[in-house]
Amino acid sequence: IYLIGKPLSPSLDLCKEPEVTIVEKMKDLTAQEGEDAVFECKLSRETTEESQWFLGDLRLQSNELTEIRAQGNVHSLVLRKVTPEDSGAVSFQVGQQKASA
């Protein structure tokens, strides 16, 4: 069926998930040398978007002294046995959202 030259059919509405946001930002913390430092960010929902943690400008990856994990909508970073070299700004990024401590 056509009306004024255009087909009459249901339109295809591609629903796009809302952008993920950071609803609980990480808190500043002080750790003694040799202790573990734990940072957490809570997102508005679970996401498959890549998230990234940084110490200063250095992108962090999981290893024996750095643990990065995501459990549901909570993303966390554990810096094990911190040293003075670990001092600095820690930041988390997912999509266009960013938080730092």
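The following dialogue explains how to read several features of this predicted model.

User: What are the numbers of helices and strands in the chain?

Analyst: The chain has 10 strands and 0 helices. Read along the sequence, its pattern is therefore written β-β-β-β-β-β-β-β-β-β. Of its 101 residues, 24% count as buried.

User: How many strands form the open sheet, and in what order?

Analyst: A general idea comes first: strands of a sheet pair through backbone hydrogen bonds, and the pairing is either parallel or antiparallel. In this model, 4 strands make up an open sheet, ordered S3-S4-S8-S7, with antiparallel pairing. Its edge strands are S3 (22-24) and S7 (66-71), each of which pairs on one side only. From one strand to the next, the twist averages 30°.

User: Over how many bridges do S3 and S4 pair, and which residue is the partner of Glu 24?

Analyst: Strand S4 covers residues 37-43 and pairs with S3 in the antiparallel sense over 2 bridges. Glu 24 has Lys 42, in S4, as its bridge partner.

User: How many bridges join S7 to S8, and what is found in their hairpin?

Analyst: S7 and strand S8 (residues 74-79) run antiparallel and are joined by 6 bridges. Across this pairing, Val 78 in S8 stands opposite Glu 67. The hairpin of S7 and S8 has 2 residues between the strands, and Gly 72 there takes a positive phi near 65°.

User: With which strands does S5 pair?

Analyst: S5 pairs in the antiparallel sense with S9, over 5 bridges, and with strand S6 (residues 58-59), over 2 bridges. Opposite Gln 52 stands Gln 93 in S9, while Leu 55 has Leu 58 in S6 as its bridge partner. In the hairpin of S5 and S6, 2 residues lie between the strands, and Gly 56 takes a positive phi near 65°.

User: Where do the side chains of a regular strand point?

Analyst: As a general rule, side chains in a regular strand alternate between the two faces of the sheet.

User: Which residues form the aromatic pair, and are they buried or exposed?

Analyst: The structure holds 1 aromatic pair. Its members are Trp 53 and Phe 92, with 4.7 Å from centre to centre and 50° between the planes, an arrangement that counts as tilted. Trp 53 belongs to strand S5 (residues 51-55) and Phe 92 to strand S9 (residues 90-94), so the pair ties together parts 39 residues apart in sequence. Both Trp 53 and Phe 92 are buried.

User: Where is the place of Ala 101, and why does Ala 101 count as partly exposed?

Analyst: Ala 101 lies in the segment after strand S10 (97-100).

User: How far apart are the C-alpha atoms of Ala 101 and Lys 27?

Analyst: These residues are 74 residues apart along the chain, and 5.9 Å separates the C-alpha atoms of Ala 101 and Lys 27.

Notes
Residues numbered from 1 in each chain as written. Predicted model: local features only at pLDDT ≥ 70, side-chain atom pairs only at ≥ 80, totals over all residues. Heavy atoms only, no water. Pairing = 2+ DSSP bridges. Axes fitted to C-alpha atoms, helices over the stretch in contact; angles between N-to-C directions. Phe/Tyr/Trp six-rings, centres within 6.5 Å; stacked < 30°, edge-to-face > 60°. Buried < 20%, exposed > 50% of the residue type's maximum accessible area, 1.4 Å probe, protein only.
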